[in-house]
Amino acid sequence: MLVSLPIEKISLRSDARIVAPESIAALEASIAEVGLINPIRVRAVGDGWEVIAGAHRLTACMSLGLAEIDAIVVEDDDLRAELAMIDENLCRAELSPSEKAQQTARRKAIYLELHPETAVGENQHTRVRQVGEGSEVERFTANTAKATGQSERAVQRDAERGEKIYDAAFAQIKGTALDTGVFLDKLKKLTPSEQMVVVKRELAWLKEQNRKGGIARRVVKLADAPLDDEEAQEKQVAALMAAWNKASAEARQEFLSRIDTPVMDRSAA
C-alpha cells in the first residue's frame, strides 16, 4: 500500500548500514529537482514505522527538511524485513568485498531458514509438501541473483567468503587496503586463528609501510587462481559500468552514437 507518512514517525533499523555521505548528497540534489521517484519500504512498528528499504532516501529527505515521504507499507516479519534490507544493500555499488560477503552469507542463512527445503541434501522431489505450499522454491543462488542483479557464480563466491571468514577478521580488514576479493579468497582457506594471525601481520606491515612512505607488497604470497570466462566477463562489465558512471552526459551521448556505427570486422585479418 502506497501512502505518504510523516518523516518524524519513521526510524531506521538498528542493523541498518551507515549511510554514505556522497550518496546522500547526490540523492538530495535529485529529490530537490524531480522529487522522490522510488518510495521507501516500511513496516509498522509500535506507533511508527521502520525502514526496510530506503535508508539513504529517507536521510536525504530529512536533510532537505521534508515533513512527509512516500512509502510502501508492508507486513514483513523480522526475517523478511531483514532480507529486503540486505537485498537493497547488495544492489548498491559502493559495498566493499567484505561487506558483500557478510551480507550475502547472512542472506543465505535467512533464506535457508525461510526455505529449508532448498538446502543442499534436501530431497525436494520426495519430501511431502504442506497444504497451501507453493511449487518448488528457487535455490538460494538463483533467487539472490534475480533479486540483486548478480550472476549465480558471484553470489556463490560471496556467500562462501562470508561463511568461511571469521567475523573478527572481517572487523579488522573492513575499510582497509586488505578489503579486496583477492585477499578474502586467500583468507577463507585458513582456520579462524590463522586468519587473525595473517590479518594482524599484514595490517602491521601496511601501517609500517605507510609510516615510511613505502610501496605495499602483495599481502599473502599464494598464487592467484586464473580467472574463468564468467569471472573475467564480470570484471570487464564492472570496469565498463564504472567508466560510464564517471562520464559526462555529453560523453555518454557521443559514446552511444559511436557504438551504433558499424565498424570493420578485423577478426578475419
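**Salt bridges and surface of the predicted chain**

At 15% relative accessibility, D87 counts as buried, because the limit for a buried residue is under 20%. This value, like those that follow, was computed from a predicted model. The side chain of D87 meets that of R107 in a salt bridge, with an N to O distance of 2.5 Å. R107 is likewise classed as buried, since its relative accessibility is 1%. D87 belongs to helix 3 (residues 78-90) and R107 to helix 4 (residues 97-114), so the pair ties together parts that lie 20 residues apart in sequence. Salt bridges with shared partners also join K100, R157, D158, E160, R161, K164, D185 and K188 into one network.

In general, side chains of opposite charge can pair when their charged atoms come close. The count of salt bridges in the model comes to 21. One of these is formed by the side chains of D47 and K9, at 3.8 Å from N to O. D47 is located in the loop between strand 3 (40-45) and strand 4 (48-53), and K9 in the loop between strand 1 (2-6) and strand 2 (10-11); the pair therefore ties together parts 38 residues apart in sequence. D47 counts as exposed because its relative accessibility is 66%, whereas K9, at 36%, counts as partly exposed.

A further salt bridge brings together the side chains of E50 and R13, with 3.4 Å from N to O. This pair links distant parts of the chain, as E50 is in strand 4 and R13 in the loop between strand 2 and helix 1 (21-34), 37 residues apart. E50 is buried, with a relative accessible area of 13%, and R13 is also counted as buried, at 11% relative accessibility.

The chain as a whole contains 11 helices and five strands. Of its 269 residues, 34% are buried. Among contacts with a separation of 6 or more, 68% are accounted for by residues 24 or more positions apart.

F255 lies in helix 11, which spans residues 249-259. The relative accessibility of F255 is 43%, so this residue counts as partly exposed.

Technical notes: Residues are numbered from 1 along each chain as its sequence is written. This is a predicted model: local features need pLDDT of at least 70, side-chain atom pairs count only at pLDDT 80 or more; totals for chains, interfaces and linings use all residues. Side-chain values use heavy atoms; hydrogens and water are left out. Helices (H or I, at least four residues) and strands (E, at least two) are DSSP runs, numbered from the N terminus. Buried means under 20% relative accessible area, exposed over 50%, partly exposed in between (1.4 Å probe, protein chains only). Contact means heavy atoms within 4.5 Å. A salt bridge is a side-chain nitrogen of Lys or Arg within 4 Å of a carboxyl oxygen of Asp or Glu.
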